[in-house]
Amino acid sequence: MHEVYESTRNRDRKITSKQAIFEGISPDGGLYVWPDLAQVQLDLTTICKQSYKENAVYILSHLLPDFTKEELEQCVANAYGNTFSLPDITPLRKVGDVYVLELFHGPTSAFKDVALTLLPQLMSVALQSAHQKALILTATSGDTGKAALAGFQDVKDTGIVVFYPDHKVSQVQYRQMVTQRGKNVKVYGVKGNFDDAQSKVKELFLDEDLREIAAKHHVRLTSANSINIGRLVPQIVYYFEAYKQLVNRGVIQLGDKISYSVPTGNFGDVLAGYYGYLMGLPVEKFYVASNANHVLTDFLTTGVYDRNREFIQTISPSMDILISSNLERLLYYMSDCDADFVKGCMDELAQTGKYQIPAEMLKKIQSLFDCGYIDDAQTKAVIGKTYKETNEILDPHSAIGYEIGKEAKERPMVSLATASPYKFAQDVLASIGVTEEDPMQAMKKLEEYAHEKTPKGLAELDDLPILHKDVIAIDEMKQDVANYIEELFHD
């Protein structure tokens with residue numbers, strides 16, 4: 001048995017990668033990690049010669065050792081066969097003196113597609129091995145919801161329930177979720193913000209009553225958020241892919257270091273880059289780019305993580321997060337796999353809303369991670385200025401990563417573009433001086449300024465019926481999930 005994964009909060013809890021994928025979160029509340037990740041060194045020469053799909057199989061075979069090569073090849077073929085609009089999946093485009101890695105050419109026009117087209121495939125294989133069914137519970141700040149719904153729609157032996165913060169996602173993100181078809185999908189607006197929904201979902205995974213109801217139907221409760229290792233590891237591939245493209249264009253020599261700027265709220269996207277770094281990706285610096293909810297900027301500057309602050313709703317809603325779940329995994333590695341230390345920090349966060357790390361650990365983190373943030377007004381100014389100077393359109397999340405990367409001294413700099421500007425067309429248009437009140441009309445209008453047409457999945461939203469209208473209180477989530485388990489898996 002390849003029992004290589006363990007909980008960030010308990011080193012005695014050891015399981016295989018298939019188990020980690022269908023469990024999602026450890027029963028002690030910890031996240032699954034591989035302690036010996038730095039011993040897994042990938043060959044850059046091989047990576048630079050292979051296609052995206054070949055690299056996905058190569059990289060995942062090192063991280064998911066109990067999957068056969070044939071299983072991984074099938075999963076990758078199903079995930080990336082014809083779901084992305086470009087053959088190279090994540091193209092790299094030079095904008096000014098920064099290289100922008102476009103991660104939004106998948107079915108829902110967000111970076112989450114890269115992982116959430118593959119996770120359902122990995123999950124299916126893992127479930128078959130365990131003779132289990134699964135109910136995916138996911139809280140979303142905007143993009144994960146639709147990408148997960150699309151990925152898991154009508155997948156055998158699985159159901160999916162998505163919770164989004166009511167009136168705190170963009171109009172397009174809202175329509176993407178509530179128009180989702182499928183016999184096994186359920187979408188709820190919740191009264192509260194993303195952190196409220198995510199905290200409750202984590203509670204539900206550990207709720208004994210709910211687990212009992214699920215077990216009665218041979219159902220496992222699991223996650224499609226980046227707390228699930230099967231969602232995180234596919235994201236490592238595009239970090240190596242960016243490196244490959246720079247080598248193959250002659251911008252860098254094999255072995256040269258590059259830097260990355262990553263717009264993030266939950267710390268999952270940049271953590272995937274850190275995993276790549278541990279496995280041999282030559283990185284000078286990771287820039288963690290935040291919006292006005294700059295809890296990560298403050299942490300990386302002071303060593304104090306403090307979520308006791310006003311929650312600010314911004315034009316980059318996918319980053320409107322005050323509890324960055326994946327930071328737990330970074331603390332685990334930076335503390336030399338000290339699960340007791342991590343558990344102490346997480347208990348303190350749950351009880352007081354804050355924790356502080358030792359000065360020497362902060363120094364260690366700062367040697368690899370830098371940070372910065374900009375607010376809405378600055379984000380709009382970046383979108384306007386970048387369009388004026390380069391004729392390139394950035395969405396409000398990508399613009400934050402771009403600006404922080406542009407201001408950094410390191411070069412070459414790869415900035416991750418996490419969503420299509422069409423998902424936030426009104427705010428993008430406003431940033432270049434154009435007003436449009438209707439979100440669907442705004443997409444049509446944006447075509448006059450952008451390089452490409454509105455992605456098909458977004459263009460058809462206006463014509464789709466709204467299928468999911470429920471808005472519930474946080475304390476109603478448990479009962480609704482229980483009811484849905486009985487309804488979906490009754491036979």
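**Lys112**

I looked up Lys112 and found it in helix α5 (residues 112–116). Helices here are DSSP runs of H or I with at least four residues, numbered from the N terminus. This is a predicted model, where local features need pLDDT of at least 70, side-chain atom pairs count only at pLDDT 80 or more, and totals for chains, interfaces and linings use all residues. Residues are numbered from 1 along each chain as its sequence is written, and side-chain values use heavy atoms, without hydrogens and water.

I checked the record next. An unreviewed UniProt entry annotates Lys112 as "modified residue: N6-(pyridoxal phosphate)lysine". Such annotations may be inferred rather than shown by experiment.

Is Lys112 buried or exposed? I list Lys112 as buried because its relative accessibility is 9%. Buried means under 20% relative accessible area, exposed over 50%, and partly exposed in between (1.4 Å probe, protein chains only).

I then listed contacts, meaning heavy atoms within 4.5 Å. Leaving out residues up to four places away in sequence, Lys112 touches Asp143, Thr144, Ala147 and Arg231.

**Lys380**

I moved to Lys380, in helix α18 (residues 376–390). Lys380 has 33% relative accessibility, so I noted it as partly exposed. With residues up to four places away in sequence not counted, Lys380 touches Ile315, Asp427 and Ser431. I also checked Val428, 48 residues from Lys380 along the chain. Their C-alpha atoms are 7.4 Å apart.

**α12 and α13**

Which residues of α12 meet α13? I found Ile236, Tyr238, Tyr239 and Phe240. Their partners in α13 include Val270, Ala272 and Tyr275.

Key
Helix = DSSP H or I, 4+ residues; strand = E, 2+ residues; numbered from the N terminus.
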